[in-house]
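User: Got a model open here. Can you walk me through one residue and its surroundings?

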Amino acid sequence: MFLNHMSVTATLLGPWDFMKQTKTDRIFICISKWIFIVLAFKCKVLTSMINEEVTKCLELKTPLSDHGLQKYTLKTPKENLTGKYGEDSKLIYDLADQGGEVLSLRYDLTVPFARYLAMNKITSFKRYQIAKVYRRDNPATSRGKYREFYQCDFDIAGQHDLMLPDVECVKIAVEILSDLNLGDFVVKVNHRKILDKIFEVCGVSSDNFRSVCSSVDKLGQCSWEEVKAEMIEEKGLSPKVAERIGIYIQRNGGLDLIEELLNNEDLAGNGTGREGLEAMKLFFKYCEIYGISDKIYFDLSLARGLDYYTGVIYEAALTKLSHRTHFANGELHAVGSVAGGGRYDNLVGMFDSKQRNVPCVGISIGIERIFSIIEARAQVEHEKLRTTETEVFVASAQKKMTEERMKICKELWDAGIKTEQSYKVNPKLLDQLHYCEERFIPLAIIIGETELQKGVVKLRYVMSREEIEIERNKLVQEIGAHIRTFSSIKQT
């Protein structure tokens, strides 16, 4: 580890950086380099390893400046994305030639995460990330479907016992969707090993599993007849094989269905089919312990078309009017799934020079889709959404109160209270109060010459328009108490 660290340090510190170091820093670097040289001289194998690390470091980082500043960013070569998304690879945004480099915009956050683990030799990690991704798809704003959008991912990497991290990811998704109060929802689950065994039993060749899987994945949006036609006409399956697949994938239920399939000799006789079914049985047991089994639904049609999934897969979808809302113009608003994910045990190995795998599982929340649901519901119910976290607005009733407003803002900011004021020197009071009402700011402080003379300020409850006077020297304590009252009411 020490040698790996020193190889990177030696690479990233140029002459200019060295001159900027303190005397102590320069002595440390010199001593470290001498230790590095002595150790490398004594062992040629170590030298080879160091050179390999340096080469990889230089290949994976590209300079952002030619002025001696060592700033680097992670590149996304196109080959890092291809071969991992199945038929969805056509949705990847390819960039024009960047000085001889063929780059692409990231399709999701999972593949870059796997690459990060491989680059840094990380074998155990737990993280969440919110960032933009890009897909060359047909946008549909009413469904929360865009070409540039945010995803929120939660992933657990490492060698862990069966289904423990997997069920935790689903538990997190259930908590998020419950707290958002979007309406009734269900988390559909399946296992890639069960799907693969179904395809095998029905007569699909192993090299055609992923292709057929992408067709099955469309069953939620298309009828079975349409999916069957695609499998026959585009995937080359015989009608008999397609019909056999349909018998299985149109089934759904709970633990009872898993028990039934475990008694099916074709699926659960031995091998991957039984492994997948036993894993799902354990998964349902853990869901019962976590108190989320009422939200879990075993659905054999769930396929998750991305190629990198290897085990359990899941997808959350709303089931009631919250996600199928009629706008005033009669347009139907439906967003489909709002979260999805699964296990991908082989993805990290694709980026490791020695193909060393790190088992991973994760889930992704579709932020824009959730926003579209909330906005549609608000439009139907004629509900206005609060678009700011501001707790207090400092308003002036007369001219030449700018400095007093600023003093009050400073006190409230210093106390950690979210506060705003107008950026006009002499704003009209009516405009300021209207601003508060439009943005649902709960409290407004109003000051004028009379209040200054009396040593008080007016505190206005914006929605009820009730006003009270509070002492100027107790402003922060009084405002804090009122905010705590509002928070407790909101929670109840």
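User: Is Glu466 buried, partly exposed or exposed?

Analyst: Glu466 counts as partly exposed, because its relative accessibility is 44%. Buried means under 20% relative accessible area, exposed means over 50%, and partly exposed is in between, with a 1.4 Å probe and protein chains only. The model is predicted: local features need pLDDT of at least 70, side-chain atom pairs count only at pLDDT 80 or more, and totals for chains, interfaces and linings use all residues. Residues are numbered from 1 along each chain as its sequence is written, and side-chain values use heavy atoms, with hydrogens and water left out.

User: Which element is Glu466 in?

Analyst: Strand β17. Strands here are DSSP runs of E, at least two residues; helices are runs of H or I, at least four; both are numbered from the N terminus.

User: What does Glu466 touch, leaving aside neighbours within four places in sequence?

Analyst: Leu459, Arg460 and Tyr461. Contact means heavy atoms within 4.5 Å. Glu466 is also the bridge partner of Tyr461.

User: How many bridges join β16 to β17?

Analyst: Six, between residues 456–461 and residues 466–471, running antiparallel. Two strands pair if DSSP finds at least two bridges between them.

User: And what's in the turn?

Analyst: The two strands form a hairpin with four residues between them. Arg465 sits in that turn, with a positive phi of about 65°.

User: Zooming out, how many helices and strands does the protein have?

Analyst: 18 helices and 17 strands. Of its 492 residues, 44% count as buried.

User: What share of contacts between residues at least 6 apart join residues at least 24 apart?

Analyst: 64%.
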